[in-house]
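Subject: A structure for you to look at

Hello,

Here is the structure I promised to pass on. Have a look at it first, and then read my notes below.

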Amino acid sequence: MNTNSRNSLFHDLNLKEYERNLYSVNATFTENLLEYYRIQASIVNADYFYCFNNLTENQPIPFVYIYDQRENKQKKTIDLVEINRQLWTLGEIALAIIVYPDGFKIIDTRNPIKSESEPSFLDDLSDAIVKIDSILKKRIFEGLILEESPSDYVSVSPYQKLLNHIEIEILNKSKIIGCNQNLLKKLLVKFILIKYLEEQIDDSGNSVFENDFFDRFIVKNVVKTFFSQKNTFCDVLRGNNISGLLNFLNEKFNGGIFNISKDEEIELTNSNLSIIADALDGNKDLNGQMSIWRYYDFNLLPIEFISRLYERFVTSVDGKQKSTGAYYTPPHLARLLIDELLPFNKEIDFANFKILDPSCGSGIFLVLAYKRLITLWMLKNNKQSIEGEDDIKSIKKILSDCIYGVDINEDALSITATSLQIELTSHIRPKEIWENLTFDNLVEQANLTNLGFFKWYKSNFLKFDVIAGNPPFNISQNEKDENVLLGKDDDFSKEKFIDYNNKVQSFPDSNPALIFLHKSLEILLKPDTGSLFMIMPASTFLYTTKSFEYKKSLASLWNLERIYDFTPLREHLWGKTKIATIAVKITNNSSANSRVEHIIVRNSSANEKGSIRFQIDKYDKFYVPISFLFSKESIWKINLLGGGRLGLFVEKFNQYSSISNYFKNNNIIANIGFTRDKYVINDQKKRDTAQQVVNLNGLDILDSERFNCDKLTKEAVKKISQDDWVRVPKNGFAVPNVLVRLNINLNLPIIYNIRNLLIPNGVLTIKSHDIEKMKNFVTAFKHNRGLYIFLIKALSPKAFIQQGGGYSINRQDLLNLPINVGIDGDIIPFPSLDKHDEILIEDTELIAKSLNKTNGEIFKKIEKVDLIEYSNTFCEILNLTYEKDGYKFKPVRQVLTDDYVWVTFEHTNTENNIEQELNDESKIEFEKILFDDITNNSLTINKIIVYYGINNQISFIKSNKLKYWMRSTAYRDVENVKSEMFKSGY
């Protein structure tokens, strides 16, 4: 690396302390990852790239490109609008900094250009900045800007703007165009590929198509504009021979991508495609506004955009997404999986390597995998670019030998094929695309298979090194039956697995995603060396008791390595779909892990609204011993809510009987309310004989919505005046009884009831012949209600996971609660909670309230009182071990700033004033800690530093967010400190 140039650059900017994270494009790196980043930066002519280290992937991630214009004698003046256009199109880099001899400018590349002559400057500062102040330094070079999002990121997202444009200007006008929507969507993918090829221009001005190429398909005069003196693809669309163009390209490139049937050709000939031409034409403004295509550099448009077509225009049609359980995978989530499965240091035997996505949808995993494999091949062969026919054959061979996908949706598969071929062309010079490239037919050669997974895997004989994907979480009964009837798939509800006791078991809830995963491991993954990474429904896989035996079997037969838990992002990660998900990594590695890494991704900016990468810290990482998978069902939920002492607190109540057992021992019945099970209530025989089927007409029922306190009000009872057949429990609702509303948001209302009512679902009816026992239960329940609500939040798979805010609970959630029964069989109070239990409950409630929220309490800045409480708790717990002969840990520093907090504890027998602000001496110490090689720049990387640099002192430097300074966090910090001190002999 040219360190003199790097040092000079950051010296001029007064940023010397950050130079270790700055990398020069003129350097050559031995580390593949950095060399890849260097090549990527060079494509857009950047001079440097600046990284932060991401704990999630444990590797540097570039987020700033720097263009050095200080000595611009041999360079042409750079175009700021073009830089903005390029980096916004890429969607990966947050900022571009252009350094001039007399100052610098900063472009916010998270936003598109403002006009053809004006980029989007950071904070609208269009004038050159002479000096970077301390606030701007921290925002940019300590990564704080990554936690900021544009006020309306969705509307300015490069993908979203283009999708909205295509939907409004093309798909919504299908009737005017005169083309049915299914064909229109099919054509649109082909047209975008042609548009992509047309826009490819190299440094010498060469393009894929010659200047007069489109002339041969022009059959009528086209009015030319000043900007467009040659015929373009859009001109062909304006009433000319588009069928001839598609047929020509189909014959030229092969592969079937441009193929259209005779019937489609007839419909195409009779369609008015001028509307599509206007929408795709970069030289034509619509409605008085600049053409959307001029916002983009089409050379750099990520292939993930094509994947978005699938979500928007295939799975969303006629409720298809809901019935098939297919959900579009956000690019940064797909990238996380591929980064783990195909890291830059992975050695690949390209002749034998195979990767499969068994539910490939639009192909985002396969496209990213193919992109990575090409990069690894180039790095292995010291290639800076793909040049010549041999190189093209090599990367085509990677596609045909290594990439495999299966999907039941033919439209989705065509998008996958197109996306892969676009990815292939993106590595080839435009002129060579025309001269040397033909496409393979990926369907004919069985790389891509249009079939349901449950039918396909039974006839497949290949084994795969890597399997990645996002299988359907649910498939409707109608969809399943139709697929079986058409011969496209087999009935997955009949699938079984052999558990760790060698017993045949049904899959939990017959969930298709869990079946996909198990069959992939059992039948498709290579023995000993294979790796699988799949997205799963968090509730069904991780949190419900139904999957307990399933996870035991996985851990017994394979190496369960890591689980990324995205439950905190259920409201944001999947766009409009609100669902809690995880990504689970499993290998066939013979050296099995003794523990599973459970990583909670709770960062508020890690969603589609602007995050570049997921970010976590050490408080989000938990290590679950494999033995816990066999003994502790609730460990995952406990980790989700902060872990640490919470598990010990919950386990204290395992010594008590459950409410369920107490009811069983005392002949008490607990029923859910009536339901509308159509297969039962429509049975005329059951109606005639009143076998658990009742007509509500003329009867009083409890209105559960108005049952919101410990009292049966007049408003909570209503009489039904029309026929309404319902299914009632076998034991009915005989009075007297106890009623409990199953909703923790409403504080679990409970009453002793003597009025004859029919009770709806959502209310638990408790019945005993012993009236005193029922009354005593109500009294005890009210006494324990606060504890019960907390335990439900801590243990229920429904709260925070299956739902984001209502927090209705299941019957079993309540029956699993503990109850303290005396020797005489009467209910007695639990022992009082101590101070530390109360702290734990209070902090866990804060974490719970912050789940599913981008601005939760734990992400907000702390007050001085929070820091004092943290310090006092830390010292109190640590001194239980280390207070001796008058010596104990005391706080000696509590420096609170807007960005970070620095606390220091000293083991001493003297009373010292607590340092509240940095003095000259402590500033030097801070610089030493912050940039000491030992700490590896942790503040800007992980946002957490624990430093033992001075005798008898412990320092913590963390971000100013409550998450890091809660009293329960102090408990975890103490345990970590004690572990480190024990290793050092203390």
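Let me start with helix H15 (residues 331-341), where 11 of the 11 residues are buried, so this helix is largely enclosed by the rest of the structure. Buried here means under 20% relative accessible area, exposed means over 50%, and partly exposed is in between, using a 1.4 Å probe and protein chains only. Helices (H or I, at least four residues) and strands (E, at least two) are DSSP runs, numbered from the N terminus. The buried residues of H15 include Leu333, Leu336, Leu337 and Ile338, and also Arg335, Asp339 and Glu340.

Before going further, a word on where this comes from. The model is predicted, so local features are given at pLDDT of at least 70 and side-chain atom pairs at pLDDT 80 or more, while totals for chains, interfaces and linings use all residues. Residues are numbered from 1 along each chain as its sequence is written, and side-chain values use heavy atoms, with hydrogens and water left out.

**The chain as a whole**

The protein chain has 986 residues, and buried residues make up 58% of them. Its secondary structure comes to 36 helices and 30 strands. Of the contacts (heavy atoms within 4.5 Å) between residues at least 6 apart in sequence, 70% join residues at least 24 apart.

**The cores**

In soluble globular proteins, nonpolar side chains tend to be buried together. A nonpolar core, as I use the term, is a set of buried Ala, Val, Leu, Ile, Met, Phe, Trp, Tyr and Cys residues joined through side-chain atoms within 4.5 Å. Which residues touch the most other members of the largest nonpolar core? They are Leu517 and Phe541, in a core of 244 residues. Helix H16 (residues 364-380) gives the most to this core, with 13 residues. Leaving aside neighbours within four places in sequence, Leu517 is in contact with Leu532, Met534, Met536, Phe541, Tyr550, Leu554, Val584 and Ile586. Apart from this core lies another, of 29 residues, among them Leu878, Phe889, Phe905 and Met981.

**Two helix pairs**

H16 also packs against helix H17 (residues 388-402), at an angle of about 135° and with the axes 10 Å apart. Axes are lines fitted to C-alpha atoms, for helices over the stretch in contact, and angles run from 0 to 180 degrees between N-to-C directions. H16 and H17 are therefore oblique to each other; angles under 35 degrees count as roughly parallel, over 145 as roughly antiparallel, 65 to 115 as roughly perpendicular and the rest as oblique. On the H16 side the contact is made by Tyr370, Leu373, Ile374 and Trp377, and the H17 residues include Ile395, Ile398 and Leu399. By class, this contact of H16 with H17 has 8 nonpolar, 1 polar and 2 charged residues. For these classes, Ala, Val, Leu, Ile, Met, Phe, Trp, Tyr, Cys and Pro count as nonpolar, Asp, Glu, Lys and Arg as charged, and the others, Gly among them, as polar.

The other pair is helix H10 (residues 242-253) and helix H11 (residues 262-269), whose axes come within 9 Å and cross at roughly 145°. Here Ile242, Ser243, Leu246 and Asn247 in H10 meet Glu265, Leu268 and Thr269 in H11. The residues of this contact divide into 3 nonpolar, 3 polar and 1 charged.

**Some backbone details**

The peptide bond from Val735 to Pro736 is cis, with omega near -5°. Pro736 lies in the loop between strand S22 (725-727) and strand S23 (737-741).

Asp124 is not a glycine, yet has a positive phi of about 60°. Asp124 sits in the loop between strand S5 (103-108) and helix H4 (134-141), and counts as exposed at 55% relative accessibility. Phe800, also not a glycine, has a positive phi of about 75°. This residue is in the loop between helix H30 (771-795) and helix H31 (811-815). Is Phe800 buried or exposed? With a relative accessible area of 3%, Phe800 is buried.

Phe630 is in the loop between strand S16 (621-625) and helix H25 (635-640), and is partly exposed at 33% relative accessibility. Not counting residues up to four places away in sequence, Phe630 touches Tyr500, Phe548, Lys552, Ala555 and Ser556.
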